[in-house]
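I opened my notebook to get to know a new structure.

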Amino acid sequence: MELTQLRYFVQVAEAQSLSQASQVLHVSQPALSKTIHKLEQELNTPLFDRIGNRIFLNEKGKIFLTGAQKALNHLYATTTIVTGLSEQNFGKLSIGVFVPHALVLEPIKIFAESNPKVQIAIHCQNDVTENTDASAFDMVICPDNSDFHQYNGIPVLEEKTALFLPAEHPLASRGSIRLHEIKEEPFVLLNNTKRVYDTSIHICQQAGFMPHIRFTTTSTVSQKQIIAEGMAIGFAPEGNVSDYLTDSRIKRVNIEDIIKSRTILMCFKKNAHLSEIAKSFRNFMFEYFDIPLNNEHLQTFETA
């Protein structure tokens with residue numbers, strides 16, 4: 001019996017579909033079917049009942065699935081431990097960041113300075129996609145919304161939306177304004193994700209008006225330029241504030257009656273799947289954000 005056979009069997013059993021399993025495993029359906037058939041021959045018993053084009057685990061298959069999952073989990077955990085021991089001096093850490101990176105850059109910087117031999121890979125992306133392999137990350141920082149429903153995590157931040165005006169705008173010299181004061185202004189909306197775009201509209205709707213959308217852009221650089229040139233005003237996630245204020249032609253103005261904000265989650269793989277370096281980083285992040293380290297928090301990262 002081969003490890004590949006166990007992996008293929010578990011995937012087919014969990015998917016209850018040869019076609020779905022073949023897509024996940026990136027193997028042809030005939031090759032997958034042949035592997036499962038060979039396994040059944042070695043065990044001298046069928047593991048699935050076949051009804052038309054569908055397959056279902058039989059009782060013997062269910063028993064074998066429990067053992068196969070335990071065997072693979074034990075092997076994975078043992079491999080992780082050995083890898084962690086070998087990486088104590090030259091560890092690797094992978095972080096998926098699906099929010100403005102400025103929100104978490106400070107704790108990452110502190111950890112990196114204290115662990116100069118750890119190689120840190122930061123994957124920055126606006127949204128999770130079907131091609132995003134969550135298992136590649138030790139930690140994920142993401143917003144708590146339906147786009148990231150496959151992650152379970154711990155709330156660590158509340159991010160509001162910021163308003164930016166041209167420096168020469170009549171309202172730019174004021175410390176704060178109310179939303180109704182900008183209802184006639186031309187807007188440039190950031191449209192790099194549907195979530196960011198919809199948030200900008202929702203903020204205005206809360207104040208009883210629809211924004212006059214003069215420009216849309218998928219680029220923060222382009223939005224900054226349009227605002228700096230005095231062509232429009234715009235919203236952006238609070239985590240991006242420092243990027244906008246590098247241009248002296250742009251001013252941030254606080255909004256007194258803004259309600260919309262989003263919760264930012266910190267998610268880690270289950271304890272058994274983390275290297276020793278990743279566990280050290282997790283413990284550091286819990287301490288940084290003043291989160292009690294308990295058994296519940298050790299198992300927060302799950303994917304659908």
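**Before starting.** I noted that this is a predicted model.

**Entry on a helix residue.** I looked up Ala71 and found its place in helix α4, which covers residues 59–86. I then checked Ala71 against Leu6: they are 65 residues apart in sequence, and their C-alpha atoms are 8.8 Å apart in space.

**Entry on a loop residue.** I moved on to His273 and found it in the loop between β12 (261–268) and α9 (276–288). The relative accessibility of His273 is 30%, so I wrote this residue down as partly exposed too. How far from the C-alpha atom of His273 is that of Asn73? I noted 9.1 Å between the two C-alpha atoms, although 200 residues separate His273 and Asn73 along the chain.

**Entry on strand β11.** Which strands did I find paired with β11? One of them is β6 (residues 154–166), which runs antiparallel to β11 (residues 250–255) and is joined to it by four bridges. For a residue pair, I picked Phe164, whose bridge partner in β11 is Arg252. I also found strand β7 (residues 176–177), which pairs with β11 in the parallel sense over two bridges. There, Ile177 has Ile255 of β11 as its bridge partner.

Key
Residues are numbered from 1 along each chain as its sequence is written. This is a predicted model: local features need pLDDT of at least 70, side-chain atom pairs count only at pLDDT 80 or more; totals for chains, interfaces and linings use all residues. Side-chain values use heavy atoms; hydrogens and water are left out. Buried means under 20% relative accessible area, exposed over 50%, partly exposed in between (1.4 Å probe, protein chains only). Two strands pair if DSSP finds at least two bridges between them.
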